[in-house]
Amino acid sequence: MASTVPDPLPGTHGSSGAVRAAPERTGGIEAHGIDHIPDAARHGRPRDLFTVWAAANVNYLSLVVGGALVLMGLSLWQAVTAIVVGNLFWLLTGLLAVSGPASGTPSEVITRALYGVLGNRVNNAIGGWLVSVCYFALNLAAAATAAFSLADRAGITASTGVQIAIVLGIAALTLVISVYGHALIVKLYLPITLVLGAVFAFVTVGVVRHADFAYRPATPLTGAALWAALIAGTTLVASAPLSYTTSADFSRYLPRTASRGAIVGWTAFGGFLPGIVVCSLGALAATTVDMTDPQNALQGLLPGWFAPFFLLSLVLGTIALNALTAYSAGLALQAVGLRIRRSVSVLFDGTAAVALTLYGLLVSNLLDTVSNALQLIVVLIGPLTAVYATDIVLRRARYDGAALCDETTRSDYWYTGGVNWPGALALLAGVASAALCVDTLYTGPVAELLGGVDLSLPVGMTVASALYVATMRNSPTVRAARSGG
């Protein structure tokens, strides 16, 4: 029976971290926020995660990214190589998801083990909430451009007022799913995956028929320029899986005994498969049409009657993606320390994302905004993912969810003044190292020395992970976790 217990609020638990348990709702707004999910309320199977991630990754932004790789000067097969390598980072997303069933808490709470109770509030404010809202805005802008084309086909001029109304409408549909929460997401995303899979199977046939599989740019890239483009392209693709440092949010309802390998595999495969297919479609299309205007270019490769279905699928896929993003952003806002319900925090996130979206559509250039933003955000999310994944390995994926919910000074995760300085310094060192190597909105000194080759992703992740291992492997909380205490 559905619970009538309202969202638990941050800070309402006692010093032991105990909260009143409420089963997940299946017919109403999700009762749980960032509180601990007791074993009695756990349910589901790891394979349920596949459709959650598959539905969210058949989206317009992936088409844009795939097309952008060819526009950067790569040949088709060089672009496909970048797509495959970049999507392998979904394995890290799967690894992070293991911590959800282990603790029964979302990622926003688990990371208290990494940064301390107060340090984690800063992490959630920047690495959780701000990054999620930026991605929400980028994806919402991408969906809106497809919806503008639908409006034109219906004879409605996409004036500024119409554009604003479309953005608000798509955002409203997205936020309804996010507000209702986890149960609705799991239930709804299977039919969404099936619908999007059917549409994109048809699109694949149309694109493959016209694609130039031997495509090479008129002036092929060589030497440092080629490496710079390959690495930048891989980073652009990898930004999608790396953005989901919150994958435990969607696995935390699984039983504690759920297979870790299955959790990793179904999460990773759910993102990897559509990531490969949709990005590759964008790259294939770019060999024969101008992908600076993707939705109109792709319509030229499809039968006229099918174009509205294609455009609707782009909007639907992005709604599915952004519902996950808004859901996690809502949890992040709670974890920052604001005493508001998860449903209210989600609506606040949507408002901020809509404002950024309107700026991206009405003021800036969408393609440039997407490319620059995704490459720059990796400077932060690469090290964030590395520290989180390293902590899971060090602790052997053992987390005490009730203890993690204790925010008092007696908490095992209070550390020094509420901050775990080894974790904070490892993250800062990784970000600083990545910033020295970046070549996007600005060129770091290392990238300049290397002729524009951007090594921010591997360098940032390696430095953050290595420093975290060196400083945390003998931590009392890590030793206790490794010993099963």
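**Close-up views of a predicted model**

View 1. Alanine 397 sits in the loop between α16 and α17 (helices are DSSP runs of H or I, at least four residues, numbered from the N terminus). Arginine 396 is found in that loop too, between α16 (366-394) and α17 (401-404). Although not a glycine, alanine 397 has a positive phi of about 55°, and arginine 396 also has a positive phi of about 55°. Alanine 397 is buried at 5% relative accessible area, while arginine 396 is partly exposed at 41% (buried means under 20% relative accessible area, exposed over 50%, partly exposed in between, with a 1.4 Å probe and protein chains only). This is a predicted model, where local features need pLDDT of at least 70, side-chain atom pairs count only at pLDDT 80 or more, and totals for chains, interfaces and linings use all residues. Residues are numbered from 1 along each chain as its sequence is written, and side-chain values use heavy atoms, leaving out hydrogens and water.

**View 2. Aromatic rings.** The whole structure holds 15 aromatic pairs (rings of Phe, Tyr and Trp, the latter by its six-membered ring, with centres within 6.5 Å). Tyrosine 413 and tyrosine 415 form an edge-to-face pair, 6.3 Å centre to centre with 65° between the planes (edge-to-face means over 60 degrees, stacked under 30, tilted the rest). Tyrosine 413 is buried at 7%; tyrosine 415 is partly exposed at 23%. Elsewhere, ring pairs join Trp53, Trp90, Tyr244, Phe250 and Tyr327 into a cluster.

**View 3. Around phenylalanine 200.** Beyond neighbours within four places in sequence, phenylalanine 200 is in contact with residues including Val58, Leu63 and Phe310 (contact means heavy atoms within 4.5 Å).

Note on methods
Helix = DSSP H or I, 4+ residues; strand = E, 2+ residues; numbered from the N terminus.
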